[in-house]
Structures are given as C-alpha cells and as structure tokens.
Amino acid sequence: MLETYAYTLSVAIASTFISMILGIISGYFTSHKQFAGRRFLLSLSAVPLCVPALIVALGYVSFFGINGTANKILNTSSTFLYSTLGVIVAQGFYNFPFVTGVINDAWQGLPKETENAARLLGANEKRVFFTITVKELSGAIGAACIPVFLFCFFSFMMVILFSPVGKSTLEVEIYHSIRTTLDVGSGARLALIETGTALFMVFLYSRLIKKNQLYNSGADFALRKGERTWKWQEIFVFVIMIFLIFIFLLCPLCSIVKSSFTIKQNSEKIFSLKNYKDLFTSVKFWDALKNSVIISAVSAFFCCVVSFLYSSFVRMKEKQGSALFSSIPLIPMAISSVVISWTASLIFHKSNIFVLILLQCFMYWPLAYRQVQNGMNRITNETQRAAIMLSKNRLDVLFRIYMPSCKNMLFSAFCYSFAICIGDTTMPLVLSIKGFNNLALYTYRLSSSYRFYAASTCGVLLTVLCLILGGMKNGKWLGTNG
C-alpha cells in the first residue's frame, strides 16, 4: 500500500513538474511576445478539460506505440510509452496548456512599477525575475499546479494503458479492488488515503486562490503589450518549447486522425474511409451517440441549475469572501471519479443512468459555478440593494437581475459541462450500468478489444464534439481571475 502511494505521488509530482516548466515558459512568451500561433497556443488550454484523457492515450499509442508513426519514421521497434516515463510524459504534456492559460493571465496583469524600480536601482533582468517576478507569480503558479497535480493524482486511463507491470496507482488499485479482487476493505483504505491527500491539496488551493483574489482586488493594471523584438536566448528556448509541444502533444492528436483513415490490407496500412463507413452504419454507435447527447445534456443542465442557485445564494447573502462558501465548490476536486462511483454503487446497490447523471452533476457543477460566478461579479452591490428594495421578493431579483446578468455565462457553463460529461469514461466504466453505452465507453471498449483503428475513428468524432462544445465558453475555470 505504501509502495502504491509513493508511486502515485512520484508520478503525479513528476507530471506536474513537466506541466509547470512548460506552462511557465509558454506563459512567458504568450504574455510578453507577439508571434504567429500565439492565439493557437493559448487555445490549447481547452485540451486538458475538453479532450478526454482516453483520446490523448490513444494518440500516444498511435504515434509512440511499437507500431506507431514515430517508430516507422525512426525505423525502430522500441518505445518509452509502456513505462513510468510514458505515463509522466503523457500526463505532463496533456496538462501543461492549463498552466499556460493561468500563467498568461497572471503575468499580463502584474504591475510593472516594482520591476521598473528594481531596474532603475541597478538590478539585472535575472535578479528582477527571481526576486520580484517569481514571488509575484508564486500564487498563480501554485493555483495552476495544484489542479494539475490532482488531475495526475487521480489519473486512471493513462495509467491503465501505459503503466509497467508491477506498478500501479491508488486510483487503479481501488478499481481493481472493487472490480477484480472484490477486496472491499483494501479498496476502502486506499480510497481514504487518496481522498485525504486530495483534501489537503484542495485546502492549499483554496488558500492560494484567496491570496490571489486579495492581491488582485482593486487592481487595474494595463495588460502587457507583446514585444516583437527577440533575444537570441529567447528564440532558442522558444524553438525547443515549440518542438516539444509539436512532438508530444500535437503529433499524437494528429496521429489519431491519421489512424481513423487507416485500414490493414494484405499486411499493409492503406488510406480508407471504411472505418467511418462502418461506424456510421453501426447501430451500437448511434445508440452510444444518443445516450451521450441525452445524458450529457441533462447532466449539464442540472450543473447549470445548481451552480446558478448556489451562486445566487452566495451573491444575495454577500458571502463572496466567506472561506466556507468559497470552499464548498472545491470539495468535488478532492474526490476521484472511481471513488465517487464506487460509493454510489454501494449506496444505490444497482447503478442506472439516473445515478450517472447525479454523479456527473456532483462532480462537474463547480466548473459551471466558476463560469456563472463571473456573471455574478458584474453586479454591483448598489444594483443588488436597489433591486431588493424595489422588487416584490427575492425570487423576482433572481429572474430580473441575476439571470439576465448571467445569461451568456450560463450558456458557456452549459456547453463546457456538456463537453466534460460527454467525454467522461471513468464513471460509466466503474458504474457498469447494464446495457448502457456512450461514446467514451464505446471508444474504450473498441480499444480494449484491439480494434484500434475503429477506436481512433470514434475518438476523432468524440474529440471534435468535445472541442466544439468546450470552445463555446467565455470564461475560464480555476484561473487566478476567478
């Protein structure tokens, strides 16, 4: 148990470190420089939240696998993928865009006066960076890295696919305890250890978020304008960074698309539309698509309802600065999908789609809440008090003031929640609902039955759907700006 815990921590820390380094470097360039592809680099921040981990894992298999594109180009048959290093690299590059988005926003909003004063006093750029900039960015770095650590700590699909023999994480061991060995006691102990560690990290995260909000409150700094002049050192680092992103993130994602148009014929791989034809004529696919759309839409709707009602209550009571009310939306961050699904199966005994909707609403309403809260923050205290005085009741304030102010954010929250729910593989897998299938689960089952090209085809459609929905958002989740 201790060995599993140590392995889980080491993998999560190493993955987070890669995400942090890449995120800080890319955040520097996007906040300080003007270059072609800057917006595209920032848009990648949607990948960790909108592209399911299963899809990224399939991409890594397609590109770095034994029969993958990379080995074909290099004319080798070896790969780092099915090892601890493979898990760390996949998770690190998968999550770094999230750090980039947070660091970019924080860096652009830093006041320039302190840095300029230090330069006037004779400090060189290196000293300014390490004594001033790093200190001012420390809260934002922590606020970005803790969620990434939790994503990696709760990692399930990538560990199942890439972890070497004899090595496993808490999440995977919990799943095996409840599905394979049926050792409920061992699973419960592992779940307590995992949740306790996550709760501690969530506590740190809440402190960092509060610190950043206090630091940024009342600040009205002009965003830094990107410079067009580059030093040779910056060009060198930038080229290396872009190369790594291209190889370890973009190539695997593009490789899924390539695999979806590939079939084997006479031991040769050829281009074909057969995978798409077979998929679109499959009754199971259309059944999975229907289930995905209906259940995800219902879950996203309830996520928006819960987030709007909670946000309205906090705003009406003027409890935005309350530690208690600010911490409640963070609670689901400390519970993994495997643990919450297992707990629900013990409570309800028989899983069904209503249990799945309930769990998705519980897990993902904080994402919607972060979006809705941005709309609520636009309402001034004066406007709220005047509305309460002139309205018949509080319900009237809810529909006449709060809802119009949050209308656009509610739409964004719905689309974002929809994208997260439709890409969820773990909860449907653990719940094992009889006769149920959705796109994510269908993709996983195709890959686990060694129908890799068919899985890639379904994965491409799922990714496109998630990115389209995830792109219809106006706010940011878990950023330093709330």
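I began with Tyr450, which is exposed at a relative accessible area of 77% (exposed is over 50%, buried under 20%, partly exposed in between, with a 1.4 Å probe and protein chains only). This is a predicted model, in which local features need pLDDT of at least 70 and side-chain atom pairs count only at pLDDT 80 or more, while totals for chains, interfaces and linings use all residues. Residues are numbered from 1 along each chain as its sequence is written, and side-chain values use heavy atoms, without hydrogens and water.

I looked up the backbone of Tyr450 and found a positive phi of about 65°, although Tyr450 is not a glycine. Tyr450 sits in the loop between H21 and helix H22 (452-471) (helices are DSSP runs of H or I, at least four residues, numbered from the N terminus).

I then turned to Ser432, another residue other than glycine with a positive phi, near 50°. Ser432 lies in the loop between helix H20 (426-431) and helix H21 (439-448). Its relative accessible area is 43%, so I noted Ser432 as partly exposed.

Next I checked Phe203, in helix H11 (residues 184-216). Phe203 is partly exposed, at 49% relative accessibility. From Phe203 to Ser327 I read 124 residues in sequence and 8.2 Å in space, C-alpha to C-alpha.

Conventions. Helix = DSSP H or I, 4+ residues; strand = E, 2+ residues; numbered from the N terminus.
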